[in-house]
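User: I would like to learn how to read side-chain features in a model like this one. Please take me through them one at a time.

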Amino acid sequence: MLVREMLDDEVEDVILTEYEKFGNSIFAELSMTDFKKKVLVAEKLKGFAIVFWNDEEFYIGRIFAENSEVEKTLLEKCIVEASKMNFKEVLIEVPVEEDITKLLAFGFIVKEIVKHRYGICKHAFKLSYQI
């Protein structure tokens, strides 16, 4: 399956999909930070992964995929991108209410629980994948 960087004419589709599926847009929010960002897109927008980084850390900000195969391919590509930039760890924060079973099976481990990450009484798992 082909995974490539998002094209300019796909920005709106990615942002709208984020709002529709998740109620917010990590991509838009990252535009107001100093993080560098990139969106990796699976063929025909079957899924996308938003990654962002600074000098110290590389994060997967969000993954949206039509199915498990697309999700796995996007995760693999995110790890390749991090490795190309010489990162040794990939991080992702996931609300504690969400199922992290697939991420754990992929090789992520729970690094910590981030308290109040998403507002009052909203916590997240910070997951780590070692490259």
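Analyst: Start with burial: Lys 38 has 16% relative accessibility and counts as buried. Buried means under 20% relative accessible area, exposed over 50%, and partly exposed in between, with a 1.4 Å probe and protein chains only. The model is predicted, so local features need pLDDT of at least 70 and side-chain atom pairs pLDDT 80 or more, while totals for chains, interfaces and linings use all residues. Residues are numbered from 1 along each chain as its sequence is written, and side-chain values use heavy atoms, leaving out hydrogens and water.

User: How many salt bridges does the structure hold?

Analyst: The general idea is that side chains of opposite charge can pair when their charged atoms come close. The cut-off puts a side-chain nitrogen of Lys or Arg within 4 Å of a carboxyl oxygen of Asp or Glu. In this structure there are 13 salt bridges. One of them joins the side chains of Glu 5 and Lys 38, at 3.5 Å from N to O. Its partners come from distant parts of the chain, 33 residues apart: Glu 5 is in strand β1 (residues 3-5) and Lys 38 in strand β2 (residues 36-42). Helices (H or I, at least four residues) and strands (E, at least two) are DSSP runs, numbered from the N terminus.

User: Is Glu 5 buried, exposed or partly exposed?

Analyst: Glu 5 has a relative accessible area of 48%, so this residue is partly exposed. Lys 38, by contrast, is buried.

User: What else is Glu 81 in contact with?

Analyst: Contact means heavy atoms within 4.5 Å. Leaving aside neighbours within four places in sequence, Glu 81 contacts Leu 40 and Phe 58 as well as Lys 38.

User: Where in the chain are the partners of the Arg 62 and Glu 18 salt bridge?

Analyst: The side chains of Arg 62 and Glu 18 meet at 2.7 Å, N to O. Arg 62 sits in strand β4 (residues 58-65) and Glu 18 in helix α1 (residues 11-22), 44 residues apart, in distant parts of the chain. Both Arg 62 and Glu 18 are buried.

User: Which ring does Arg 62 lie over?

Analyst: A charge sits over a ring if NZ of Lys or CZ of Arg is within 6 Å of the ring centre and within 35 degrees of the ring normal. Arg 62 lies over the face of Phe 22, 4.1 Å from the ring centre. Lys 37 has its charged end over the ring of Phe 27, 4.0 Å from the centre.

User: How many aromatic pairs are there?

Analyst: Rings of Phe, Tyr and Trp (its six-membered ring) pair if their centres lie within 6.5 Å; planes under 30 degrees apart are stacked, over 60 edge-to-face and the rest tilted. The structure holds 8 aromatic pairs. Among them, Phe 52 and Tyr 59 are stacked, 5.1 Å centre to centre with 5 degrees between the planes. Trp 53 and Phe 58 are stacked too, at 5.9 Å and 15 degrees. Ring pairs also link Phe 35, Phe 52 and Tyr 59 into a cluster.

User: Are Phe 52 and Tyr 59 buried or exposed?

Analyst: Phe 52 counts as buried at 11% relative accessibility, and Tyr 59 is buried at 9%. In the other pair, Trp 53 is buried at 12% and Phe 58 at 1%.

User: What does Val 96 touch in the loop?

Analyst: Val 96 lies in the loop between β5 (89-95) and α4 (101-106), and is partly exposed, with a relative accessible area of 30%. Not counting residues up to four places away in sequence, Val 96 touches His 123, Ala 124 and Phe 125. Val 96 and Ser 68 are 28 residues apart in sequence and 20 Å apart in space, C-alpha to C-alpha.
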